Amino acid sequence: MVVALKHKRNMKKWIGLCTGLMLTVMLGSLASGAEAKKKKTDPTPVKVGCIGNSITYGYGVENRQVNSYPARLQDLLGEGYDVRNFGRNGATLTKNGHRPYIEQEEFAAAMEFAPDLIVMHLGINDTEPRDYPHYGDEFVGDYLALIDSFKSVNPNVRVIIANLTPLLPKHFRYKSGTRAWRDSIRNLIPIVAKVSGSELIDFGPLFRDRPDLIPDAIHPNTEGASMMADLAASAITGNFGGLKLPEVYADGMVLQRNKDLKINGTANAGEKVTVTIGDNTRTAVASNDGQWSVTMPPMRETTGLTMTVKAGNETLTYNDVAVGEVWIASGQSNMEFRLKNASSFKDDKENLNDPLLRLFDMKPVAYTDNLEWTTEQKVLTDKLQHYLPTKWRVSNEETAPEFSAVAWYFGRMLRDSLNVPVGIISNAIGGSPAESWVDIETLEHNIPEIFLNFRQNDYLQPWVQKRIGENTGTDEAGLLHRHPYEPSYLFAAGIRPLGSFPVAGTIWYQGESNAHNIEIHEVLFPLLVQSWRENWEDDDMPFIFTQLSSINRPSWPWFRDSQRRMAKEIPGVAMAVSSDRGDSLDVHPRDKKMIGHRLGRQALNKVYKMKNVVPEGPTILKANKTSDNKVTLSFENAEGLTTSDGQPPITFEVAEYEGVYYPASAQIVGNEIILSGSEPITPKIVRYGWQPFTRANLVNGEGLPASTFKVKVK
């Protein structure tokens with residue numbers, strides 16, 4: 001897992017480095033592009049050759065003569081261009097591969113055509129075991145030679161190289177080497193572009209979150225071919241639709257204070273982009289794929305700023321911008337749970353108006369209730385448009401009641417304690433499993449099997465699988481629709497569109513939909529944390545989560561203890577206990593104020609270094625056997641150790657052998673617990689609160705509860 005994550009980080013850094021090194025070359029290429037555009041007014045059209053394998057050819061595309069990506073590219077570019085399809089099924093880039101492109105009749109035809117511009121997409125077939133292990137070292141040299149071949153018939157040819165489309169986990173050779181070899185080739189293609197002075201685009205991100213467009217795991221379908229044509233046309237003309245930023249950049253936004261602010265967007269290729277916030281200005285040039293990024297210097301907390309972004313004749317202006325603390329609030333229904341439904345709502349009605357607490361509330365186009373969605377809702381979800389458009393709003397009597405209760409109470413606590421503007425981005429989806437929030441690259445490299453027949457495999461909880469069918473339908477058409485519970489879906493729809501908008505950290509309330517398989521969740525949760533840290537390029541991004549509460553579900557004591565252990569094992573992760581606020585029959589306990597405040601305590605102590613704030617309840621450190629066969633339990637955060645009801649501590653058990661537990665009486669002595677077993681055994685294991693719905697009562701002087709735990713006796 002660590003290797004895969006490091007590989008992804010290195011790949012990002014390498015691509016970024018190549019982008020920087022290619023800037024000079026790219027600007028020259030863009031000039032060539034301008035020349036090509038001028039030629040559209042000439043009587044002779046610009047000759048465009050699409051060089052590739054079966055994906056270029058249009059294998060799997062309905063009516064490929066009309067719908068292959070080269071055919072669609074011709075439609076987009078119009079009569080000023082003559083686009084030809086020189087794709088060959090099964091062709092390899094390497095000349096010693098099983099079907100070298102340079103030996104095919106399509107190559108000969110392309111050479112005779114002598115194109116003014118070529119778009120090359122080769123390398124997919126070189127990932128086969130009969131190719132890459134033997135000829136991988138020849139890939140770069142052979143690609144450069146192929147480019148030189150086209151320059152020999154037209155020295156002024158403009159070359160655009162496209163990086164590879166995805167290979168999906170359901171491919172029969174995915175784990176046997178093909179996946180790794182594809183990753184290697186993707187790393188080599190930017191080198192080819194740099195050395196040859198070619199332009200580089202990437203077909204991969206088009207399909208990264210759209211596996212539904214690659215039905216056979218290799219070949220994009222008709223819609224996918226159209227998307228490839230759109231990107232190729234934009235790369236050729238430089239037109240990427242003008243200046244755009246993610247939706248989260250809007251009037252009234254809160255920007256993260258005291259850290260570099262990386263701001264990303266798109267613009268037409270080659271355009272200079274100027275970003276100004278207050279007195280700070282930074283510039284960038286949009287690359288040949290339309291991407292640009294600037295890094296603004298850290299700012300202190302303030303309000304009333306204006307942010308402008310200019311490119312060419314376009315200007316985007318954002319008013320009433322604040323600088324303060326920004327947090328993501330995510331998870332499933334207990335984070336989604338609205339403030340107006342919380343038990344404390346009536347008492348807090350007078351506190352709703354706060355112009356410096358700002359809410360970015362991402363609501364779904366369709367809730368995951370027990371009903372079938374409309375056709376429109378299904379189509380929007382298929383296209384990753386599962387969230388309604390939204391904007392930043394101040395907390396008031398209209399906006400706050402509809403916002404996440406836990407997130408609102410967390411934000412209010414930060415506002416009161418830090419006295420700075422606070423922005424909360426809420427995107428929780430009821431019932432969503434952890435795997436839906438992990439990016440697809442991470443899951444593919446660590447648990448690729450999770451994608452295989454996900455509606456019926458053992459990774460998803462049966463209830464989750466059932467609800468997917470209830471929303472999309474279970475007939476043949478329904479099975480083709482996507483759903484937010486699908487692995488990686490919510491990362492694609494709810495995290496990636498934020499564009500790495502700078503944040504301080506994440507609060508998370510989820511686990512109910514993964515409590516059936518603790519072992520898998522112990523793999524998924526660390527991957528989720530790392531996935532988000534990768535996305536925000538912050539290896540230390542705080543991640544504070546809520547432990548599952550109490551309810552009569554048999555696996556929950558084990559799951560709560562698993563969460564407790566992971567909170568201690570993963571750096572930068574903290575946990576808020578909620579078992580004392582559970583409901584034996586309702587998975588949605590209504591006391592959200594206390595949970596929001598407990599998450600806030602963890603943030604104030606561990607993120608904002610307020611050491612006077614106790615972050616959590618008594619946390620078990622060790623269990624030692626005494627000479628008289630009793631057990632002494634030592635805790636962290638145990639100052640003022642007591643019980644919530646003034647009665648002796650309850651729900652302690654001891655065992656000599658796993659599975660054979662006996663009640664133990666507990667006595668508080670200072671900040672420790674002394675246990676006496678009810679049976680004459682040698683205690684080797686202690687557990688506490690080990691009931692699905694527990695009435696465990698151990699707290700510290702701040703009234704914060706101890707977590708469920710199981711510990712070995714030393």
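This is a predicted model: local features need pLDDT of at least 70, side-chain atom pairs count only at pLDDT 80 or more; totals for chains, interfaces and linings use all residues.
Q: Which residue of S16 is the bridge partner of Trp-327?
A: S16 spans residues 505–509 and runs parallel to S12, joined to S12 by five bridges. The bridge partner of Trp-327 in S16 is Gly-505.

Q: In what sense do S6 and S12 pair, parallel or antiparallel?
A: S6 takes in residues 254–256, and S12 takes in residues 314–331. Val-254 stands opposite Ala-322 in S12. Over three bridges, the sense of the pairing is parallel.

Q: How many bridges pair S11 with S12?
A: S11 covers residues 302–311 and pairs with S12 in the antiparallel sense. Thr-308 stands opposite Thr-317 in S12. The number of bridges between S11 and S12 is seven.

Q: Which residue in the turn between S11 and S12 has a positive phi?
A: S11 and S12 form a hairpin, with two residues between the strands. In that turn, a positive phi of about 60° belongs to Gly-312.

Q: What is the volume of the largest cavity?
A: The model has three cavities of 30 Å³ or more. Residues lining the largest cavity include Glu-336, Arg-338, Asp-361, Lys-363 and Glu-402. Ser-426, Asn-427 and Ala-428 are also among the lining residues. The volume of the largest cavity is about 80 Å³.

Q: How many charged residues are in the lining of the largest cavity?
A: Met-362, Pro-364 and Phe-403 are among the residues that line the largest cavity. By class, the lining has four nonpolar and three polar residues. The number of charged residues in the lining is five.

Q: Why does Gly-241 count as partly exposed?
A: Gly-241 is found in the loop between helix H11 and S6. Buried means under 20% relative accessible area and exposed means over 50%, with partly exposed in between. Gly-241 is partly exposed because its relative accessible area is 46%.

Q: How many Å apart in space are Gly-241 and Asn-268, C-alpha to C-alpha?
A: In sequence, Gly-241 and Asn-268 are 27 residues apart. In space, the C-alpha to C-alpha distance between Gly-241 and Asn-268 is 6.6 Å.

Methods
Residues are numbered from 1 along each chain as its sequence is written. Side-chain values use heavy atoms; hydrogens and water are left out. Two strands pair if DSSP finds at least two bridges between them. Helices (H or I, at least four residues) and strands (E, at least two) are DSSP runs, numbered from the N terminus. On a 1 Å grid over the protein atoms alone, a cavity is a set of points where a 1.4 Å probe fits but cannot get out, and a pocket is an open set with protein on both sides within 12 Å along at least five of seven lines; lining residues have an atom within 4 Å of a point. Grid points are joined across faces, edges and corners, and a volume is the space filled by probe spheres set on the points. Ala, Val, Leu, Ile, Met, Phe, Trp, Tyr, Cys and Pro count as nonpolar, Asp, Glu, Lys and Arg as charged, and the others, Gly among them, as polar. Buried means under 20% relative accessible area, exposed over 50%, partly exposed in between (1.4 Å probe, protein chains only).
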